[in-house]
Amino acid sequence: KVPVLNNPANDSSDFAAALERLGFDVQIVSDQSYSDMRNGLRDFRSRVAGADIAVVYYAGHGIEVDKQNYLIPTDATLASDGDVDYEAIPLDLVLRSVDSAKLLRLVIVDACRNNPFATNMKRAGASRSIGRGLARVEPSGNTLVAFAAKEGTTAADGEGRNSPFATALLQHI
């Protein structure tokens, strides 16, 4: 329903390869619907229960509404800001999916891009804010959240094989 980003498939496969080189058990999922993303996160949560480290890397579209971050599945239409609760995946759900790791929980979000629905999205209420980029997250415990751009800013998809964020990340793994 929105313009396709060129790099997320490359970013995720290259990041997965880097993690595999480090000995991680990796599963790649791409182009997921709302239902598939929710089910995938539920399965991931079970899969990492008791693991020392759990890592989620997301590359794609993300938006912020009322200071809450959402990842956008492939079947989202988001005709109004009220649809976000029913068609997008809250980042909090992703954070809960890594909760059971014992030592480190890492969520990497390469999704701080302009809201691709902004021009056509109807506003359900004047009090609801739709921000630029993604909002700050304050994780607890041994959870680390890394964003491609700081709060309220957007990150470029890039011109090469990978996004600028993924390129830098891959150079240091």
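1. Start with helix α2. Its residues M37, L41 and F44 are buried. Viewed down the axis of α2, the buried residues fall within an arc of 65 degrees, so they line one face of the helix. Keep in mind that this is a predicted model.

2. The other side of α2 reads differently in the model. R42 and S46 are exposed, on the face turned away from the buried side.

3. As for dimensions, α2 covers residues 34-47, which makes 14 residues. From first C-alpha to last, α2 reaches 20 Å, close to the 20 Å expected at 1.5 Å a residue.

4. What covers the buried residues of α2? The cover includes the strands β1 (53-59), β3 (68-71) and β4 (89-90). Helix α4 is also part of that cover.

5. Now look at S97, in helix α4 (residues 91-97). S97 has a relative accessible area of 2%, so S97 counts as buried. Its side chain reaches the backbone oxygen of V94 at 2.6 Å. Beyond its neighbours within four places in sequence, S97 is in contact with L41, F44, R45, V48 and V56. Of these, L41 and F44 are buried residues of α2.

6. Is A135 buried or exposed? A135 is buried, at a relative accessible area of 5%. Leaving out residues up to four places away in sequence, A135 touches E64, K67, N69, F147 and E151. K150 is 15 residues from A135 along the chain, and their C-alpha atoms are separated by 8.3 Å.

How values were computed:
Residues are numbered from 1 along each chain as its sequence is written. This is a predicted model: local features need pLDDT of at least 70, side-chain atom pairs count only at pLDDT 80 or more; totals for chains, interfaces and linings use all residues. Side-chain values use heavy atoms; hydrogens and water are left out. Helices (H or I, at least four residues) and strands (E, at least two) are DSSP runs, numbered from the N terminus. Buried means under 20% relative accessible area, exposed over 50%, partly exposed in between (1.4 Å probe, protein chains only). A polar contact is a pair of N or O atoms within 3.5 Å; within protein, one must be able to donate a hydrogen and the other to accept it, and residues adjacent in sequence count only if both atoms are side-chain atoms. Contact means heavy atoms within 4.5 Å. The expected span of a helix is 1.5 Å times one less than its number of residues. The arc is that of the directions from the helix axis to the C-beta atoms.
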